[in-house]
Amino acid sequence: MTTRFYLTCTFLCATCLSKAQNLSPEDGLLRQADSLLSQSEFFEASIAYERVLFGNRDVYDNYRAAIGKTQCLKQQKRFGPAVTFLNEQLSAPYPDSLLYRLGYERVLCQYLAGQFENALSGLEQLQYLHPQQPTPRLLSVVRILSLNELQRWPEAAAAYRALAVQQGLDTTRTPYDRLPKLKSEKKAQTLSTFIPGGGQFYAGKPGEALLSILVQGAGLYFGITSFLQGYYISAWGIGAGLFGSFHMGGVRRAETLVKQHNRRTTEEFNRWVRAVLLNE
Amino acid sequence: MKMFCYAVRAGLLVLSSITSLLGQQTQFSHELRFAQYLSDKEAIEEALHVLTRLPAASLSLPQRDSLYYAIGWNAYRIKRLDLAAPTLLRVSDASGFYPKSQFFGHYSQAFLGQTDSAYAALVRLPLTDTLHNELRHLQLAGISLLRRDFGRFAQHQRAFSYGSYALEKEERRMLDYARTMQNVKRKSPFLAGLYSAAVPGLGKWYAGKKRQGIAAFLPILSLGLLTYEGWRKDGVRSARFIGFGTLFTVFYVGNIWGSALSVKIKRDEFRQEYDNKILFDMHIPLRNVFE
């Protein structure tokens, strides 16, 4: 009984002392964080990785924690905060090889966050600071896709051909042989001004064009017949009013339709190029 | 020998208790520092997650105060006032954070519409600092305005010195708000309807919605003229007269109903605008004094 008592007290002291001394063992925390990540508990895993960084003991443990936290943020689709986090980590004193990997992750997160200009300048920075590192295929793809999103197609085409040469692919036929044909908003507005429905036809919406022609025609017809029959107020109030408002509305609508058409065409082309690049 | 064994047993018991306590304290301060680290990195949700998992029941009073203050302040930073208010108000008067916690806790209550409890608690708050006292009067004056209790406002406004840089501008603005709110003319929905019946759109103009008044007037005028033309040329049984007459009637009745409603809408907009101004001017001095 007495022996048991002494053993219990000794055990309690030893446990509490060791707990007080060794509050954040990085290995245990890293394993715990990795386990949470593998169970898709991204928020909890993110906090666990921050505990490792907070402990700030070993540079390789910090690096593993930084990569782990980046994965958590990416899985939560929080690409903006991931970029902010990586910007902080890139100012820490990691060796070059680890800095390269963090820079690589940052470029990916910048693309995924829609920060295309930043992704391109991140790529340039990476190549400048680590000239001895060969550019991985994924980063070349990110460059092409970022240039696409910014509609810098000649540069994207050049980058695509460079990648195709590197990969030994066919360079005679590329997606950039058929660039999307964009329409002019000013032309649509001018057409609608002089030809009712003209701008809508140009924007590729014949149904809306016909409707616009019908309504404007009806307004004009009503106005003229009312005037000839002596209904002057109706001629101005309804005829001219209907014609005038649908005419001005038609001009603005034609501009909107062209913007939508251009956006849709660009997105379809970018989607196609993305599918080609990622499937090769 | 027996005495010696008892002494050793007692000593071991005391030692294990002390080490257990030390371990717990070190664990708590580590977690608090970690939460502060997360908070400094703007990872407030993560900081709250860490703090709210700490067992408050097993902590000493100073530790509990630090915990409640940390939770309350982080919740306040991300505008979770429903969590900030009750947690900040749990900080005890033994803590150095007590005055700040009380003021921000009661402000959060006022923001959430709990003006009665905020007022009652602020009145009873024991304060010795003259600046804090004047700040309390400013908060109470603001809460009185939110409750539209101008008598109480006048009482608290007498304590304004207009001498402190941290409070002066907001004190003067509170006075302006009180004057404006007391002098605002109460409009009648019945009168608005009557005006719009006489001249379409005039009721909205009376309610303070001038552009809407013009926008209501023009189509009714056009339909009126069209109806008149139909009556003059084709008579009362003509399709033109009946069609435009019906449209005119619908728009005319709608204009009267809309004018009556617009008085209430304008009144609600005014109340919302001034409540926001009052809450803003209650908040700024708190930041000036405590940060």
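This is a predicted model: local features need pLDDT of at least 70, side-chain atom pairs count only at pLDDT 80 or more; totals for chains, interfaces and linings use all residues.

**Exercise 1.** Work out how the axes of helix α4 and helix α6 of chain A are arranged, and which residues make the contact.

*Solution.* 
- Step 1: Find helix α4 at residues 59-75 and helix α6 at residues 96-112 of chain A.
- Step 2: Their axes come within 11 Å and cross at roughly 10 degrees.
- Step 3: Angles under 35 degrees count as roughly parallel, so α4(A) is roughly parallel to α6(A).
- Step 4: From α4(A), the contact residues are Y60(A), Y63(A), A66(A), I67(A), T70(A), Q71(A) and K74(A). From α6(A) come L98(A), R101(A), L102(A), E105(A), L108(A) and C109(A).
- Step 5: Sorted by class, the contact of α4(A) with α6(A) has eight nonpolar, two polar and three charged residues.

**Exercise 2.** Now do likewise for helix α9 and helix α13 of chain A.

*Solution.* 
- Step 1: Helix α9 covers residues 153-167 of chain A, and helix α13 covers residues 232-279.
- Step 2: The two axes come within 13 Å, crossing at roughly 10 degrees. That crossing makes α9(A) roughly parallel to α13(A).
- Step 3: On the α9(A) side you will find W153(A), Y160(A) and L163(A). They meet T266(A), F269(A), N270(A), V276(A) and L277(A) in α13(A).
- Step 4: Six nonpolar and two polar residues take part in the contact of α9(A) with α13(A), and no charged ones.

**Exercise 3.** Find the cavities of 30 Å³ or more in the whole structure, then describe the lining of the largest cavity.

*Solution.* 
- Step 1: The search finds one cavity of 30 Å³ or more.
- Step 2: The volume of the largest cavity is about 60 Å³.
- Step 3: Its lining includes Y100(A), H130(A), P134(A) and L139(A). Helix α7 of chain A, residues 116-129, gives the most to this lining, with three residues.
- Step 4: The lining has six nonpolar and four polar residues, but no charged ones.

**Exercise 4.** Describe the largest pocket: its space, its lining and the helix that gives the most to that lining.

*Solution.* 
- Step 1: The largest pocket holds about 440 Å³ of space.
- Step 2: It is lined by 13 residues, and the closest to its centre are V184(B), K185(B), R186(B), R267(B) and F270(B).
- Step 3: Helix α13 of chain B, residues 239-290, gives the most to the lining, with five residues.
- Step 4: By class, six lining residues are nonpolar and seven are charged, with no polar ones.

**Exercise 5.** Locate the domains of chain B and the separation of their centres.

*Solution.* 
- Step 1: Chain B is divided into domain 1 (14-110) and domain 2 (189-276).
- Step 2: Taken over C-alpha atoms, the centres of these domains of chain B are separated by 59 Å.

Key. Residues are numbered from 1 along each chain as its sequence is written. Chains are lettered from A and ligands numbered from 1 in the order in which they are written. Side-chain values use heavy atoms; hydrogens and water are left out. Axes are lines fitted to C-alpha atoms, for helices over the stretch in contact, and angles run from 0 to 180 degrees between N-to-C directions. Helices (H or I, at least four residues) and strands (E, at least two) are DSSP runs, numbered from the N terminus. Angles under 35 degrees count as roughly parallel, over 145 as roughly antiparallel, 65 to 115 as roughly perpendicular and the rest as oblique. Contact means heavy atoms within 4.5 Å. Ala, Val, Leu, Ile, Met, Phe, Trp, Tyr, Cys and Pro count as nonpolar, Asp, Glu, Lys and Arg as charged, and the others, Gly among them, as polar. On a 1 Å grid over the protein atoms alone, a cavity is a set of points where a 1.4 Å probe fits but cannot get out, and a pocket is an open set with protein on both sides within 12 Å along at least five of seven lines; lining residues have an atom within 4 Å of a point. Grid points are joined across faces, edges and corners, and a volume is the space filled by probe spheres set on the points. Domain bounds come from an automatic or database domain assignment.
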